[in-house]
Structure formats: C-alpha cells, structure tokens
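Student: I have a structure open and want to go through it with you. Can we start with how you name the pieces?

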Amino acid sequence: MRHDLKVRHGGRILADALVGHGVQLAFGVPGESYLPVLDGFHDVADRLKFIVCRQEGGASYMAEAYGKLTGQPGVLFVTRGPGATNGAIGVHTGHQDSTPMVVFVGQVGNEFAEREAFQEIDYRRMYGPLTKWVGQIDRVERIPEYVSHAFHTAMAGRPGPVLLALPEDMLFAEGAVADVPHYKTVRPAPAPADMDALRKMLQAAERPFVILGGGGWDRASCDQLRAWLEGAQLAAGTSFRCQDLLDNRSPSYAGDVGIGINPRLAQRIREADVVLVAGARLGEMTTGGYTLFQAPVPSQALIHVHGGAEDLGRVYHAALPINSGMANFVEALAAVKLDGAKWAARTRQAREDYQAWTEVQPMPGKLHYGEVVKWLDAALPEDAIVCGGAGNFSGWVHRYFRYKGFRTQLGSTNGSMGYGLPAAVAAKLAAPQRTVVAITGDGDFLMNGQELATAAQYGAPIIVLVVNNGMYGTIRMHQEREYPGRISATELKNPDFAAYARAFGGHGERVESTDQFAPAFERARASGKPALIELRIDPEAITTGTTLSAVRKQALERRR
Ligand SMILES: Cc1ncc(C[n+]2csc(CCOP(=O)(O)OP(=O)(O)O)c2C)c(N)n1
Ligand SMILES: [Mg+2]
C-alpha cells in the first residue's frame, strides 16, 4: 500500500472512478445493497449527477438512451435481486442495439455468497447472454481496475453493455489505491487491401446498394459518409430504427430497411448485385426475416463492415468481410473514388420511390395521425430528438418523419415497449437545449409512465404524445390475421392520460381532430413542463396502409 494515497471506502473509490472516466450522469434506483456508492456520490455531486428513477426498467432505458445519444457508456445502478431483474430490459435493448453501457448491481456480501441469501442472484448466469462481460469486484483495491476494464469493454469493437456486481462487504471495505485514467476507445480499422477490394467490387457493380445501421457511429462520420455517398451517387437505406444515420433529405437516402418496408425498396435490395452494409448486424428486422438476403450465402455480393469480428460471417457469408469501427471505415472511404455514372439513374429512381412512399396516405377518423407526423416533421427544429417505443403507432413515424441527422432518433431496435418516455427524459437531461419528443402508444406509454415523475423532479420538459387506439393494436392486428374476429387479451381500458400527466405536475391535453393538434403542441411546448398530448385515433387505422377490418376480411377470405 502506498502511503501517499488517501484511504477511501469502496463506494467512494467507485464514485471517483466514474468521474475519472468522464461520467456526468448516471441513472438508477437506490438499494440498501450499495449504500457506500450513494455515499460516494454525495462527495462527487458537483461532477456526477445521479438521476433517481421510479422503476429500474425506466432507469435502464435511460442509461441505454444516454449511451446511444452520447456514444459514451450509459451508467446504471440497480440493487440486487429485484432491482437486477427489473433492470434487465434496457440491458437487452443495449445488447441488441450495440449501445455502450456499464451496469452496476448490488450483490450479497461474500460472507453469505452462494447460500441463496436475501436477493442473491448469480449475475454471470443471469446476465451472461445480455452483456459483453459480467464481472464481480471482490476486492476493494481492484475497483479502479475492474471499472476501467468495464469501460474499455463496453466501448471496444462492437459496443455493448457490461455488468459489474458489487458485493456489499467489498463496498464497505477501505483501501488506499490509485485511480486509473480515462478509458481509451479501441476500434479496428480496415486494411488497405480491404479498401482496394471494396473499390473494385463497387466500381464493377451495376446495381449497388448501401445499408447503414448498428451502433458505434458519431456525427462527424455520418456527415462525412453522406458527402461520400452523394459524391459516388450511391443509393443508401438505413437499418431498422437507425434512420438518423443518413440525413433523410439526402438525394442518396432511399428509405428505412425495417418493419413495413417500402415494397419497391425491398425489391431494389433483392435485385442489387453488390450491397455494402456498414455497421448493421443484418438481423431479422433489417433482412425482412432473412428474406432480403438469403442465408447463409446471399445472391448479392456482400461487403459487410462491422466493428465486432464475431458478427462477420455469423449469419451471412460476405464476399468481403471488413472488421472496422465506423469512424475508421468512413475515413478510409474518403480515398475511394467511384464513378457513379452507371447507377446514377437508379439512385434517382430510388429517391423518387422514397418520396412517393412517404406521401401521406388516407386514414379513417377525424384525427389524421399521418398529418400530425408530417406537421412535426416540418415544425420541429432540425436537431429535435424523436424517441419511440414499440407498437404499430411507430409505423407512421418510421414512414413519414424525415430524420435530419445523427441522433435525431432514439428507438429500441429490439422492439421493446416503454422505451420512448424514459429515452426522452435521458435525452433532455443530456441535451437540455434540444427539443425532445416521445411518441408512444397507449399500451407502450404505461409501461414506463411513472418516469414522468423523474422528468418533473429533474426539470426535463419533454413532450410526450400518446397515440391512443384503446388496444394493444399490434397484437390485435396479428390476431385478426391469424384468428380473425377472435379478440383475446388485446383490449385496453385506459386512464385519462392528460389528467395522469397533470398529477405529476406536468401539462396534459387531449386532441381528437387533426386541426386541434398544432395549437395543442404549441401550448405543450410553451408550458415549460413535462407535457403529454393524448391523440385519440380511430382504432380502424391499424397501419399506415390498411385498416383492421381489411386485415380481418383478408384473413377470412384466405380461409375460404
Ligand atoms: C416489453 C414488451 N412487451 C410486450 C411486447 C409485445 N408487443 C409488441 S407491440 C405490443 C402492443 C403495443 O400497443 P400500443 O403501445 O398500444 O401500440 P399500438 O400497436 O396499439 O399502436 C405488444 C404487447 C413488446 N414488444 N415489448
Ligand atoms: Mg394502442
């Protein structure tokens, strides 16, 4: 032990370690299992703010959204057992979305370990499949080493969540140890030979297409990539809920490759001869259930660029796999000069198809939700952040909203409900100067409605839209398709959402027709409080393109 070092308890060493790694906001719900950490936070309160949430599900989404927005690990604290189980949802989202996160969870003291003591869980087993690494810090002197390891792992290669368990006795113990400097981000870069092969493949293509997606991006790389795509006159799409990686106003942008894909875009991808995929895993949602690309050997020559070496060749055999971080890849692309004359007309057509697809379609009812999304698209500031969860209501946003650059969208690519509101709270706390809107469904919203209390407590004037159709509409749609007319477990009796928001000290209103929306939104914005606008839509309007009764009718006809 070096005598010039101050003796600190484990909680303080941990708090100092977080400050050393640049953590300014952390999210969580307290527990008696990690009291020394809360005590440590007391000492560093001027540098690190701990956002106390109302449910670990909300807190874990906030940490995930913070990581997604800032590119720095989102930090989450949950107590052992029940806190750890509640908090799993945001970790699953972070894993599937490749979002850097460092999760700390209380653990029973080592003196009781393995007895199934109060709230004891083996986190290595429970969280193993949801994280990149699960560790447990058993010795107080090793806190700085473990925390540094966790931050490096969360950020390296393909980013993702990491979990550290904190046995209670270790946190109360004291040690005299040195801090570790700020973590470094380790990401691979493409080899010159890879870039040469990429240039040759793309230049030889007749029908090239580009897909951008996944995690590990940053604003500068997205802007640089946009310029490169436009210079090469290439058409590009974005993977499911990664629509903000390419400014949707770019002449190269051809739409999102996710649920409810434009059929013409799907056709374009199937017909492509060379596809460059940068950052996307090519998961089920981005491949139309593994149909846009045949598994394991696609008919298109695939250039697959990914930060995680293990994700290359995982499903698809790429003609050219390139293990690279996105910034390094985009930098290397600058030297790749392509003549786009061969495919320029196809790119223009792809853009026209996108524009035609995003024309607002008719919708039953007095409140045209498509028009509302178009209004938001035009009225919100360019850098507004639009957060969303899961449900059919999100389809209108995917189709009609034009994301105008990096991190104007925060969504859960694992299709996880309840994400929009907590993501909006985290975004507003991280970027108070930006307008932040959460678009939620009536089912989706109440999965984490309680986090309005967090928004109110920390002064986060977000604007939440609740698209109310009185049901778990997505499931009802699938139900009508598979078992027409046999409604089961999908109807919802809802509270008065506007009154609910007001009960938290927020602003609340209900809108029942299209013309009521803009003034209501302006009032919500002007209120300066967390605000909620309920949109009463016609339950018949089940997607942007069809009605509930049409789905039922088609199903019945198929059965005849
Ligand atoms: C956490 C979670 N639980 C359940 C589901 C399954 N699920 C997907 S969409 C959906 C219904 C969403 O309802 P709502 O928010 O009202 O949106 P709507 O489809 O009606 O527009 C459900 C239950 C899920 N994706 N995530
Ligand atoms: Mg609904």
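This is a predicted model: local features need pLDDT of at least 70, side-chain atom pairs count only at pLDDT 80 or more; totals for chains, interfaces and linings use all residues.

Student: Fine. Where is Leu-282, then?

Tutor: Leu-282 sits in the loop between S12 and S13. Its phi is near 65 degrees, a positive value in a residue other than glycine.

Student: Is Leu-282 buried or exposed?

Tutor: Buried, because its relative accessibility is 1% and the cut-off for buried is under 20%.

Student: What joins Ala-295 and Pro-296?

Tutor: A cis peptide bond, with omega about 0 degrees. Pro-296 is in the loop between strand S12 (274-278) and strand S13 (301-306).

Student: And what about phi at Arg-241?

Tutor: Positive, about 60 degrees, and Arg-241 is not a glycine. Arg-241 belongs to the loop between strand S10 (236-239) and strand S11 (253-257). With a relative accessible area of 8%, Arg-241 is buried.

Student: Changing topic: how many residues of H1 are buried?

Tutor: Nine of the eleven residues in helix H1 (residues 10-20), so the helix is mostly covered. Among them are Arg-12, Asp-16 and Leu-18. Just after H1, Gly-22 has a positive phi of about 85 degrees.

Student: Which contact do the side chains of Arg-12 and Asp-16 make?

Tutor: A salt bridge, 3.0 Å from N to O. The two residues are about one helical turn apart because they are four residues apart in helix H1. Both Arg-12 and Asp-16 are buried.

Student: Which salt bridge does Arg-12 form with its closest N and O atoms 3.1 Å apart?

Tutor: The one with Asp-43. Arg-12 lies in helix H1 and Asp-43 in helix H2 (residues 35-43), so this pair ties together parts 31 residues apart in sequence. Arg-12 has a relative accessible area of 18% and is buried, while Asp-43, at 40%, is partly exposed.

Student: How many salt bridges are there in the whole structure?

Tutor: A search finds 33. One of them is between Glu-230 and Arg-226, with the closest N and O atoms 2.7 Å apart. Both residues lie in helix H10 (residues 219-231), four residues apart, about one turn of the helix. Glu-230 is partly exposed at 27% relative accessibility, and Arg-226 is partly exposed at 27%.

Student: Which residues are joined into one network by salt bridges that share partners?

Tutor: Arg-8, Arg-12, Asp-16, Asp-43 and Asp-179.

Student: On to ligand 1. Which residues come nearest?

Tutor: Of the 18 residues around ligand 1, they are Gly-415, Asp-442, Asp-444, Gly-473 and Thr-474. The shell divides into eight nonpolar, eight polar and two charged residues. H17 and helix H19 (473-482) each supply at least two residues of that shell.

Student: Which backbone atoms lie 2.9 Å from an oxygen atom of ligand 1?

Tutor: A polar backbone atom of Asn-392 is at that distance, and so is a polar backbone atom of Gly-443. For Gly-473, a backbone N or O atom is 2.7 Å from an oxygen atom of the ligand. Taken alone, ligand 1 exposes 590 Å², and the protein buries 78% of that.

Student: Last one: which residues make the nonpolar surface patch of about 270 Å²?

Tutor: Met-447, Tyr-472 and Ile-475. Met-447 is in the loop between helix H17 (442-446) and helix H18 (452-457), and at 43% relative accessibility Met-447 counts as partly exposed.

How values were computed. Residues are numbered from 1 along each chain as its sequence is written. Chains are lettered from A and ligands numbered from 1 in the order in which they are written. Side-chain values use heavy atoms; hydrogens and water are left out. Patches are made of residues with over 30% relative accessible area and no salt bridge: like charges are joined within 9 Å, nonpolar side chains (Val, Leu, Ile, Met, Phe, Trp, Tyr) within 5 Å. Accessible areas come from the Shrake-Rupley method with a 1.4 Å probe; for residues, only the protein chains shown count as cover. A salt bridge is a side-chain nitrogen of Lys or Arg within 4 Å of a carboxyl oxygen of Asp or Glu. Buried means under 20% relative accessible area, exposed over 50%, partly exposed in between (1.4 Å probe, protein chains only). A residue is near a molecule or strand if one of its heavy atoms lies within 4 Å of it. A polar contact is a pair of N or O atoms within 3.5 Å; within protein, one must be able to donate a hydrogen and the other to accept it, and residues adjacent in sequence count only if both atoms are side-chain atoms. Ala, Val, Leu, Ile, Met, Phe, Trp, Tyr, Cys and Pro count as nonpolar, Asp, Glu, Lys and Arg as charged, and the others, Gly among them, as polar.
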